[in-house]
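Here are some notes for a colleague who is opening this structure for the first time. Please read them with the model in view.

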Amino acid sequence: MNLYPNLFSPIKIKGLNLSNRITMAPMYVGYADAEGKVTELVLDHYKKMGASGASLIVVENMCIDPSGLGAPFMLRVDKDEYIDGLKKISDTIHNEGAYAFAQINHAGRYAFMRDRIAPSPVKVWDVTPREMTVNEIKFMIERYADAALRIKKAGFDGVELHGGTGYLLSQFVSPRLNKRTDEYGGSLEARMRFPIEVLEAVRKKVGEEYPVGYRLLADELYPGGLTLDEAVVFAKTYAEKGIDYLSVMAGTHESFKMPPYVEMERNEGYMVPFAKAIKKALPETVIIAAGRIQTPQYADKVIKDKEADLIGLARVLFSDPLWPKKAKGEIAEPIVACNPSCSQCMDMIMKGKRPYCSQWSKKERQDFIKKIEGK
Ligand SMILES: Cc1cc2nc3c(=O)[nH]c(=O)nc-3n(C[C@H](O)[C@H](O)[C@H](O)COP(=O)(O)O)c2cc1C
């Protein structure tokens, strides 16, 4: 018996027929090597995710240009030499029966190095980034497009542009972070120009038929930052330009640690209200909602109530890679819930360590540690 008929109903993204509404939301785990190449650890991880029963796996953000490296062990897609390794990820996921997308990113003012570029020199913690020249902006637009084409060549079924978490694309849209006085800053129309030109350049390279999604920052949740009303205008414009889905999130690295965010983040479906607002404004666009969607009951209701079309599980799937199969009743065991008071995965990543989940069994943790220590 299908207990969750909405969650386990099909949906199309462009030419792809997804068998259910469950996706893996991109989650950087830093299992690549120091050169950004695919390792056995990466393949083991995405094999597990691909076998989860989710219909679509969106692989974690990958670096489009060395100036935009967001973390020490980030997967890279800034040169053709990475294509063969990335092909192993898409093959691995396909072999397990899921569609595979990859997210591409430039971290801008959140880059890992101290020498950073951004729309404007707005200080982040103790670093002030350098303002990008117009030539650098034009160059970076092409870097996104080249990276998207490499993703296609690597066998992925679609590409997702990372406009969330306060990274470069969203930095341009933000009134707090974009203080430019040229054609890329000022009015909302001008602030949207960079992500729009990126989408146009990506489309030219990958073609009209190739699925292109966007991780949308719906609200910076930071004083003076981008708010939902402007994000809705941006989302509408992006939909008109032909984006195939919007994966909605809220907050940036600067708001994540603020007490109201920490409080909000404990709640099931904490970012669903943002997805719902975008869905209401854009009923024809495929919308993904994420944020501690812990129970299939709740996930089913999100779909049923048309708050979103798909759900995205990140930590929730990391905690229990069998969540979709258990929800479907294929495995008669309780779901191992992500602990809302735990931030171990994020904390380990921030320290440059390869994360494991506090909810894994002792054996799973020991096996993982053995693997990373090469024993
Ligand atoms: C460790 C970690 C890494 C993440 N990496 C990414 C990423 O690469 N790209 C992205 O768009 N979101 C990223 N996210 C955000 C998730 O996609 C997701 O929106 C968020 O964690 C809420 O879903 P969850 O409660 O199921 O984890 C990350 C989150 C965590 C905790």
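In which loop is the place of W125?

1. W125 lies in the loop between β6 (117-118) and β7 (130-131), where strands (E, at least two residues) and helices (H or I, at least four) are DSSP runs numbered from the N terminus. The model is a predicted one, in which local features need pLDDT of at least 70 and side-chain atom pairs count only at pLDDT 80 or more, while totals for chains, interfaces and linings use all residues. Residues are numbered from 1 along each chain as its sequence is written.

2. Most residues other than glycine have a negative phi. W125, however, has a positive phi of about 50 degrees although it is not a glycine, and R292, likewise a residue other than glycine, has a positive phi near 45 degrees. R292 sits in the loop between β11 (287-290) and α11 (296-304).

3. Are W125 and R292 buried or exposed? W125 counts as exposed because it has 9 C-beta neighbours inside 10 Å, whereas R292 is buried, with 22 other C-beta atoms within 10 Å. The cut-offs, for C-beta atoms placed from the backbone, are 20 or more others within 10 Å for buried and 12 or fewer for exposed, with partly exposed in between.

4. Two packed helices are described by the angle between their axes and the distance between the axes. The axes of helix α1 (residues 40-50) and helix α2 (residues 83-95) come within 8 Å and cross at roughly 30 degrees, the axes being lines fitted to C-alpha atoms over the stretch in contact and the angles running from 0 to 180 degrees between N-to-C directions. That makes α1 roughly parallel to α2, since angles under 35 degrees count as roughly parallel, over 145 as roughly antiparallel, 65 to 115 as roughly perpendicular and the rest as oblique. On the α1 side the contact involves V42, L43, Y46, K47 and G50, which meet K88, I89, T92 and I93 in α2; residues are in contact if their C-beta atoms, placed from the backbone, lie within 7 Å. This contact of α1 with α2 divides into five nonpolar, two polar and two charged residues, where Ala, Val, Leu, Ile, Met, Phe, Trp, Tyr, Cys and Pro count as nonpolar, Asp, Glu, Lys and Arg as charged, and the others, Gly among them, as polar.

5. Helix α7 (residues 228-240) packs against helix α10 (residues 272-281) at an angle of about 50 degrees, with the axes 10 Å apart, and α7 and α10 are therefore oblique to each other. Their contact is made by L228, V232, A235 and K236 of α7 together with F274, A277, I278 and A281 of α10. By class, the contact of α7 with α10 has seven nonpolar residues, no polar ones and one charged.

6. Around the ligand there are 22 residues, of which A25, P26, N61, A314 and R315 come nearest; a residue is near if its C-beta atom, placed from the backbone, lies within 6 Å. Two or more residues of this shell are given by each of β4 (56-63), α12 (315-319) and α14 (344-350), and α14 gives the most, with three. The shell divides into twelve nonpolar, six polar and four charged residues.

7. L149, in helix α3 (residues 134-153), is buried, with 20 other C-beta atoms within 10 Å. Leaving aside its neighbours within four places in sequence, L149 is in contact with K205 and V206.

Note on methods
Contact = placed C-beta atoms within 7 Å.
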